[in-house]
Amino acid sequence: MQQSGSKRWFSRWRRRNTTAWGSWLDDQEILLAALSWQQSGTVRVLLFEHLRAPANLPDAAARDDWLVNILRRSGEHLPARQRTMALALRDGRFCHGRLHWSGPVEASVLEVEVQLEAAAALGVAPALVGFDFEVQALPDTAAVQVDWVACLREELHRWQGHARSAGWRLPVVEPEHQAARRAAMCLRGDPLQLWAVSAQDWQFSPNAEREIAEQDWRQLQASAMWGPLVACGAALGALR
């Protein structure tokens, strides 16, 4: 999810990153993953770290300070241009929705509609919402399906402020399920057979190789793979 709230309509014109970082956070831990393009056209994990906050932190402010220090340490050896990170957060921090839209499929029009829907769902003024959306055509109709996700803009600013304090740029914040699904669909090999393989050894295809059945999806959510999938999926999204 971007602070501007708009879909990256013109992202195909950007120069593709060769290395990207992703992170997954909850209240007590942080997972960091760095992914890189290979000459073969696949993507591999360069670095994976799983860190837990000290048990004696007194409050949320102290935990945030710990997070900033971790991010600062992780990026101190990198040139400034490589300190870009995508962040995935627990789904409970976001609200989700879906629109079936039969009007003009224009970015500016859809942005307004999604912003109003998200603001109503969160119970705040539209200006206080950060959001993103994806448009899919509906078969045999001129209408489209618009899936959106949103949270308070204040929360986006807070995470961007933490990243900036640590020397990172944070252009994208997204829900964990979105990042995990991206990674699971692009992971080379059968995800359900990779539970015993370290995330450090994972490789990904640039495009989805599979669909994930609902039963398998529930297994992944309950497995130890979930956090690594989320962190790697966030980084994978930043590579595109």
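A: Before we start, contact here means heavy atoms within 4.5 Å. Please also keep in mind that this is a predicted model.

Let's begin with the two helices. Two packed helices are described by the angle between their axes and the distance between the axes. Here, helix 4 covers residues 176-186 and helix 6 covers residues 226-239. Their axes lie 7 Å apart and form an angle of about 85 degrees. Angles of 65 to 115 degrees count as roughly perpendicular, so that is how helix 4 is placed relative to helix 6.

Which residues make this meeting? On the side of helix 4 they are Glu176, His177, Ala179, Ala180, Arg182, Ala183, Ala184 and Cys186. Helix 6 brings Trp226, Leu229, Val230, Cys232, Gly233, Ala234, Leu236 and Gly237. Sorted by class, the contact has 11 nonpolar, three polar and two charged residues.

Ser23 sits in strand 1, which spans residues 19-25. Is Ser23 buried or exposed? Ser23 has a relative accessible area of 2%, so it is buried, given that buried means under 20%.

Now for the charged pairs elsewhere in the model. Side chains of opposite charge can pair when their charged atoms come close. The whole structure has 10 salt bridges. In one of them, the side chains of Glu49 and Arg73 meet at 3.2 Å, N to O. Glu49 belongs to strand 3 (residues 43-52) and Arg73 to helix 1 (residues 60-75), so this pair ties together parts 24 residues apart in sequence. Both partners are partly exposed: Glu49 has a relative accessible area of 23%, and Arg73 has 40%.

Another salt bridge joins Asp64 and Arg158 at 3.4 Å, N to O. Because Asp64 lies in helix 1 and Arg158 in helix 3 (residues 153-165), the pair links parts that are 94 residues apart in sequence. Asp64 is buried at 13% relative accessible area, whereas Arg158 is partly exposed at 34%. These two residues also belong to a network of salt bridges that includes Arg93 and Glu155.

Definitions and conventions
Residues are numbered from 1 along each chain as its sequence is written. This is a predicted model: local features need pLDDT of at least 70, side-chain atom pairs count only at pLDDT 80 or more; totals for chains, interfaces and linings use all residues. Side-chain values use heavy atoms; hydrogens and water are left out. A salt bridge is a side-chain nitrogen of Lys or Arg within 4 Å of a carboxyl oxygen of Asp or Glu. Helices (H or I, at least four residues) and strands (E, at least two) are DSSP runs, numbered from the N terminus. Buried means under 20% relative accessible area, exposed over 50%, partly exposed in between (1.4 Å probe, protein chains only). Axes are lines fitted to C-alpha atoms, for helices over the stretch in contact, and angles run from 0 to 180 degrees between N-to-C directions. Angles under 35 degrees count as roughly parallel, over 145 as roughly antiparallel, 65 to 115 as roughly perpendicular and the rest as oblique. Ala, Val, Leu, Ile, Met, Phe, Trp, Tyr, Cys and Pro count as nonpolar, Asp, Glu, Lys and Arg as charged, and the others, Gly among them, as polar.
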